[in-house]
Every structure is written in structure tokens, then in C-alpha cells.
Amino acid sequence: MTSSISTTSSQGKDDSETPPVCKCGLRAKSKRSTTAANPGRRFYGCVLYGKQEHVPCDFFKWIDPPVEARNDEMLANLVGKLKMMDEQRCMMHEKIQLRDEKLRMMDEKIRRQQTREWRLKTLLVGSWAMFLCYLLM
Ligand SMILES: [Zn+2]
């Protein structure tokens with residue numbers, strides 16, 4: 001987390017954009033809308049707005065797209081992410097199933113090998129016993 005701070009802050013996507021010049025010939029100031037229709041939506045306004053003894057111009061320009069469009073975009077983004085996550089989940093499930101199948105096959109192989117070994121051992125012991133019997137007779 002700490003290592004990514006320096007790279008993300010230096011790129012400062014929208015804030016690095018130079019603000020337009022308002023009708024007073026001054027650089028407009030970015031502000032955030034607090035209206036119910038556009039909550040948090042950023043816009044450029046006259047720097048002199050709200051300052052006493054100064055008459056601001058009526059310069060106004062939205063920075064962010066309309067809230068509704070942003071919501072749609074966000075929703076589309078979220079739906080896309082969800083779909084991706086679902087696909088990943090499906091892929092993981094398939095992988096797990098494949099691994100399960102492999103494990104089962106390996107288990108079967110081991111069991112088969114074990115029985116073969118056991119048979120070989122009994123055969124060896126049996127033949128040795130028979131050989132000893134033959135010697136003793
Ligand atoms: Zn102005």
C-alpha cells in the first residue's frame with residue numbers, strides 16, 4: 001500500500017488538468033457541487049465567487065459528466081467486474097474438479113501399485129518357502 005502512494009499521487013488524473021480561464025481573465029477554480037441533483041459533481045467556477053468586495057462573473061463549466069451517466073458507468077463497471085469474478089470462479093471450480101479427478105486417478109494408481117507389490121511379495125515369499133521345502137525334502 002505504501003509503495004503505491006508515490007506513483008498514484010504523482011499522476012493525479014483530473015487535478016493536473018489546467019483549469020479554464022473565466023470571464024474575469026482568471027483561472028477558474030474547481031469546486032464540488034452540493035446540490036441534490038449533482039452531489040459531489042465537480043465544476044469550474046469563477047475564483048471570485050463567494051469573495052466579498054468582488055463581483056464574480058457567471059462562468060460555469062462542469063468537470064465531471066452528469067451524475068446519472070456516472071452512475072450508469074459505475075454500474076456497468078460493477079456488472080463487468082462481477083461477470084469477470086463469476087468467470088474466474090467458474091474457472092477455479094473447473095480447475096479444482098480437474099485436480100480432484102487427477103488426485104483420484106493418482107490414488108487409484110497407488111492402490112493398484114500397492115496390491116501389485118503385495119502380490120509380488122507374497123509370490124516371492126511363497127517361492128522361497130517352496131524352495132526351502134524342496135531343500136529340506
Ligand atoms: Zn470570473
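This is a predicted model: local features need pLDDT of at least 70, side-chain atom pairs count only at pLDDT 80 or more; totals for chains, interfaces and linings use all residues.
Colleague: What makes up the secondary structure of the chain, and how do the elements run from the N terminus on?

Modeller: The secondary structure comes to 2 helices and 3 strands, and from the N terminus on the elements run α-β-β-β-α.

Colleague: How do you know that S1 and S2 count as paired strands, and in which sense do they pair?

Modeller: Two strands pair if at least two bridges are found between them; strand S1, residues 29–32, and strand S2, residues 42–45, have 4 bridges in the antiparallel sense, so by that cut-off they are paired. Along this pairing, Arg-32 stands opposite Arg-42 in S2, and Ser-30 stands opposite Tyr-44 in S2.

Colleague: What stands opposite Tyr-44 in S3, and over how many bridges do S2 and S3 pair?

Modeller: In S3 the residue opposite Tyr-44 is Lys-61, and S2 pairs with strand S3, residues 60–62, in the antiparallel sense over 3 bridges.

Colleague: What is the order of the strands in the open sheet, and why are S1 and S3 said to stand at the edges?

Modeller: The open sheet of 3 strands has the order S1-S2-S3, with antiparallel pairing. S1 and S3 each have a single partner strand, so one side of each is left without a neighbour in the sheet, and this is why they are said to stand at the edges. From one strand to the next, the twist averages 30 degrees.

Colleague: Why is Phe-43 called partly exposed?

Modeller: A residue is buried with 20 or more other C-beta atoms within 10 Å and exposed with 12 or fewer; Phe-43 has 16 other C-beta atoms within 10 Å, so the label is partly exposed. Phe-43 is found in strand S2 and, not counting residues up to four places away in sequence, touches Lys-31, Ser-33, Phe-60, Lys-61, Trp-62 and Ile-63. Lys-31 is 12 residues from Phe-43 in sequence, while their C-alpha atoms are 5.4 Å apart in space.

Colleague: What makes the phi of Glu-53 worth a remark, and does this residue count as buried or exposed?

Modeller: Most residues other than glycine have a negative phi, whereas the phi of Glu-53 is near 65 degrees, a positive value. Glu-53 lies in the loop between S2 and S3, and because the cut-off for an exposed residue is 12 or fewer neighbours, its 5 C-beta neighbours inside 10 Å make it exposed.

Colleague: How do you know that the span of H2 is close to the expected one, and why is H2 said to lie largely in the open?

Modeller: Helix H2, residues 67–136, has 70 residues and reaches 101 Å from its first C-alpha to its last, which is close to the 104 Å expected at 1.5 Å a residue. The number of buried residues among those 70 is 0, so H2 lies largely in the open. Of the 137 residues of the chain, 4% count as buried.

Colleague: What is the mean pLDDT of the chain, and where is the pLDDT below 50?

Modeller: The mean pLDDT is 86, with 88% of the residues at 70 or more. Over residues 1–12 the pLDDT is below 50, and beyond near neighbours in sequence this stretch has 0 contacts in the model.

Technical notes: Residues are numbered from 1 along each chain as its sequence is written. Axes are lines fitted to C-alpha atoms, for helices over the stretch in contact, and angles run from 0 to 180 degrees between N-to-C directions. The expected span of a helix is 1.5 Å times one less than its number of residues. pLDDT is the predictor's confidence in each residue, from 0 to 100. Two residues are in contact if their C-beta atoms, placed from the backbone, lie within 7 Å.
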